[in-house]
Amino acid sequence: MVPALALAHGPTRQKVDVTAELAAEPAEVWAVVGDFQDMGWHPAVHATTGEGGNTLDATRLLTLGAADGPTIAEELYKYDAGKMTYSYRITEVAVEVLPVTNYSAHLTVKPRAGGGSVVEWRGAFYRGYPNNDPPPELNDEAAIKAVTAVYEAGLSALVDRFGAP
């Protein structure tokens with residue numbers, strides 16, 4: 001007989017990976033997205049403030065939508081300008097703003113075969129409700145949908161800015 005407890009399990013780590021192909025060369029794109037302290041290229045971000053530049057443990061606070069909008073606090077844990085990539089984690093966000101917990105992400109700009117560049121934004125996270133039987137707005141599907149929407153909005157803004165190949 002298998003104990004019922006053995007059948008219960010908590011949330012599983014979810015992953016989202018979105019890419020966009022741009023007409024601009026990687027260095028031109030990196031000049032826009034490579035500064036951890038400036039996320040003004042993303043249409044949902046009203047303002048970015050922070051400390052530490054692009055050094056490890058640098059922090060930034062994203063204010064969304066308007067000056068009095070909700071915020072997301074983030075911390076940089078990997079930065080490599082030569083490889084045009086950085087990694088960060090969310091340190092504080094209300095699940096009503098982004099329905100995730102234990103979120104980390106990587107943003108990378110790479111050369112595209114035939115010219116231009118490819119921007120990859122990938123993240124891993126748990127849903128906003130850590131226990132079993134989450135409400136619909138905090139389940140795995142809601143978390144995946146929200147993160148995908150954030151990535152797609154940002155990458156679409158870059159396509160609008162730099163053009164598609």
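Helix H2 (residues 26–33) and helix H3 (residues 140–162) pack at an angle of about 125°, and their axes are 12 Å apart. This is a predicted model, where local features need pLDDT of at least 70 and side-chain atom pairs count only at pLDDT 80 or more, while totals for chains, interfaces and linings use all residues. Residues are numbered from 1 along each chain as its sequence is written, and side-chain values use heavy atoms, with hydrogens and water left out.

**The helix pair**

- The 125° angle makes H2 and H3 oblique to each other (under 35 degrees is roughly parallel, over 145 roughly antiparallel, 65 to 115 roughly perpendicular, and the rest oblique).
- Axes here are lines fitted to C-alpha atoms, for helices over the stretch in contact, with angles from 0 to 180 degrees between N-to-C directions.
- Helices (H or I, at least four residues) and strands (E, at least two) are DSSP runs, numbered from the N terminus.
- On the H2 side you'll find Glu28, Val29, Val32 and Val33, which meet Leu158, Arg161 and Phe162 of H3 (contact means heavy atoms within 4.5 Å).
- Sorted by class, that contact has five nonpolar, no polar and two charged residues (Ala, Val, Leu, Ile, Met, Phe, Trp, Tyr, Cys and Pro are nonpolar, Asp, Glu, Lys and Arg charged, and the others, Gly among them, polar).

- Thr12 sits in the loop between helix H1 (4–7) and strand E1 (14–22), and with a relative accessible area of 43% it is partly exposed (buried is under 20%, exposed over 50%, partly exposed in between, using a 1.4 Å probe and protein chains only).
- Not counting residues up to four places away in sequence, Thr12 touches Phe125, Tyr126 and Asp140.
- The side chains of Thr12 and Gln14 make a polar contact at 3.0 Å (a pair of N or O atoms within 3.5 Å; within protein, one must be able to donate a hydrogen and the other to accept it, and residues adjacent in sequence count only if both atoms are side-chain atoms).
- Asn139 is in the loop between strand E7 (117–127) and H3, and it is buried at 17% relative accessible area.
- The Asn139 side chain reaches the backbone oxygen of Pro136 at 3.4 Å, and one of its polar atoms lies 3.1 Å from the backbone nitrogen of Glu141.

**Positive phi without glycine**

- Asp57, in the loop between strand E2 (45–51) and strand E3 (59–64), has a positive phi near 70°.
- Asn102, in strand E6 (residues 100–111), has a positive phi of about 50°.
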